[in-house]
Amino acid sequence: MEQKEDNTGLISQDLQDLCDEFRENNQIPMAKFDLYGVKRGLRNPDGTGVLAGLTQISNVHGYLINDSERVPDKGILTYRGIDVAEIVEGCRKADRFGYEEVVWLLLFGKLPDSAQLKKLHTLLSYYRELPENFAEDMILKAPSRNIMNKLARSVLALYSYDENPDDISLENSMRQSFQLIAQLPAIMTYAYQVKRRRFDKQSMFFHPVNPSQSIAESILDAIRPDRKFTHEEAQLLDLCMMLHAEHSGGNNSTFAVRVLSSTGTDIYSAIAAGIGSLKGPKHGGANHRVMMMMRDLMEHVSDWSSESQVYDYLVKIVNKEAGDHSGLIYGMGHAVYTLSDPRAVILKREAEKMAPAHDGMKEKFELFELVEKLAPEVFEKVHGDSKVISANVDFYSGLVYEMLNIPADLYTPLFAVSRMAGWCAHRIEELETAKRIMRPAYRSLSKPRPYVPIEQR
């Protein structure tokens, strides 16, 4: 048999040549955006977001406007008008898992009473089982190195198992929302186990579903070989899920869900878009990037308690001389929050309480604190940027997950599993209230020119 010629090198050079040609002919100067008043990233000149819609689901407060100027303020996150810190505290005092309570609040606009919460637990338990043969056909036979990629593909595949996937009535949307909220944790844990077996060459294990467990308990049950976890560990994961459940309609993934929903498309297409958005390192993927950045810093800084050593390495990171050469200190700064991110405040408090009970974690926590303290000074020195910034939710969430022995592969997928409640609430609100396809404008910079026959080019 004639051996096929290996043209890998030629193809690679062809692709490089094409990319060079693109860069030469398709750049848009930044000055053009200012000239035409285009708000890049849908951001106003002061950094605030362009107003694109109305919502009753949540609010993110991070600054005040005084005489048309943005004034930094303490961060507050409210779900349906209720401070999330109060929700967390109320559930903790009652020794009750709170994520399911948050699901009801986000979807229906009020806190559930005992009977309603019991009804929700029954519904979510009923829908938790994946469709027959779904795990075998969609996950086991098509593993992915990236769990977020597998989540998006699996959500799209659920369309084929739904007898009424395109019905966007409120009744059907609610049913689909409950199913997705209940099933995504199982999809995530199955995808993780298959990834371990296929790509990491480790054992995989599948435990039977226990319908009496909360969602947080079911996740820990599924990822631990011996199925053992403490009540405190499950409560901490539940807290993380409450904090990640929702964050207004303007965050990138929720906006993506609303944009697709505005077209009238099915819920599976809309939610898959949200997952794809959250996968990005500038959005939900940042929690994993934080841990990668901190591991790199730990390897290159000999004395973690030395402010000067940590400061100098952060300068290298911002100058793109270290880390992943992006110039970013992951987990620092937020589009809305200024003085504080309330989610980061709560997670930092929990991490500080947990750290002494885990070997080496007290020193790690203190290093995180030091980076949080020094990052604003580094940005001011390198970029002359004195803007007030604080740690965001991604900065401490990875550290908390590490203390819970949750593998890094699941950091961002856990974000997606938690955010499903908010995505579904926003999709329903978009379908029921906005009722108009989103269609912003782009100004064309191209100039008329004639078509030139190929022999004359």
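**Entry 1**

I started at Leu-35, which is exposed at a relative accessible area of 57%. My cut-offs: buried is under 20% relative accessible area, exposed is over 50%, and partly exposed sits in between (1.4 Å probe, protein chains only). Before going on, I noted that this is a predicted model, where local features need pLDDT of at least 70 and side-chain atom pairs count only at pLDDT 80 or more, while totals for chains, interfaces and linings use all residues. Residues are numbered from 1 along each chain as its sequence is written, and side-chain values use heavy atoms, with hydrogens and water left out.

Leu-35 belongs to helix H2 (residues 30–35). For helices I use DSSP runs (H or I, at least four residues; strands are E, at least two), numbered from the N terminus. I wrote down what counts as a patch: residues with over 30% relative accessible area and no salt bridge, joining like charges within 9 Å and nonpolar side chains (Val, Leu, Ile, Met, Phe, Trp, Tyr) within 5 Å. The areas come from the Shrake-Rupley method with a 1.4 Å probe, and for residues only the protein chains shown count as cover.

**Entry 2: charged patches**

Next I looked for charge on the surface. Which residues gather in a patch of negative charge? I found Asp-14, Asp-17, Glu-21 and Glu-24. Glu-24 sits in helix H1 (residues 8–25) and is exposed at 67% relative accessibility.

The positive patch brings together Arg-145, Arg-197, Arg-198 and Lys-201. In my bookkeeping Lys and Arg are positive, Asp and Glu are negative, and His and the chain ends are not counted. I place each charge at NZ of Lys, CZ of Arg, CG of Asp or CD of Glu.

Lys-201 got a second look. Lys-201 is in the loop between helix H8 (170–199) and helix H9 (215–223), and is exposed at 66%. The phi of Lys-201 is near 60°, a positive value in a residue other than glycine.

**Entry 3: salt bridges**

Side chains of opposite charge can pair when their charged atoms come close. My rule for a salt bridge is a side-chain nitrogen of Lys or Arg within 4 Å of a carboxyl oxygen of Asp or Glu. By that rule I get 20 salt bridges. I checked a few.

- Glu-101 and Arg-96 meet at 2.9 Å, N to O; Glu-101 is buried at 9%, whereas Arg-96 is partly exposed at 31%.
- Asp-221 and Arg-227 meet at 3.0 Å, N to O; Asp-221 is buried at 6%, and Arg-227 is partly exposed at 30%.
- Arg-258 and Glu-430 meet at 2.7 Å, N to O. This pair links distant parts of the chain, with Arg-258 in helix H11 (residues 252–261) and Glu-430 in helix H18 (residues 411–434), 172 residues apart. Arg-258 is buried at 6%, and Glu-430 is buried at 5%.

I also spotted one network, in which salt bridges that share partners join Arg-92, Arg-349, Glu-350 and Lys-353.

Why is helix H4 (residues 99–108) described as largely enclosed by the rest of the structure? Nine of its ten residues are buried, so that is how I logged it. Among the buried ones in H4 are Tyr-99, Glu-101, Trp-104 and Leu-107. Just after H4, Gly-109 takes a positive phi of about 90°.

Asp-95 is in the loop between helix H3 (84–93) and H4. Asp-95 has a positive phi of about 55° although it is not a glycine, and Asp-95 is partly exposed at 47%.

**Entry 4: a contact across the sequence**

I picked Gln-176 in helix H8, which is buried at 0%. Gln-176 and Ile-267 are 91 residues apart in sequence, yet 7.6 Å apart in space, C-alpha to C-alpha.

**Entry 5: cysteines**

How many disulfides does the structure hold? I found zero, taking a disulfide as a pair of cysteine sulfur atoms within 2.5 Å. For Cys-240, the closest cysteine sulfur is in Cys-91, 14 Å away, so the two are too far apart for a bond. Cys-240 is buried at 0%, whereas Cys-19 is partly exposed at 38%.
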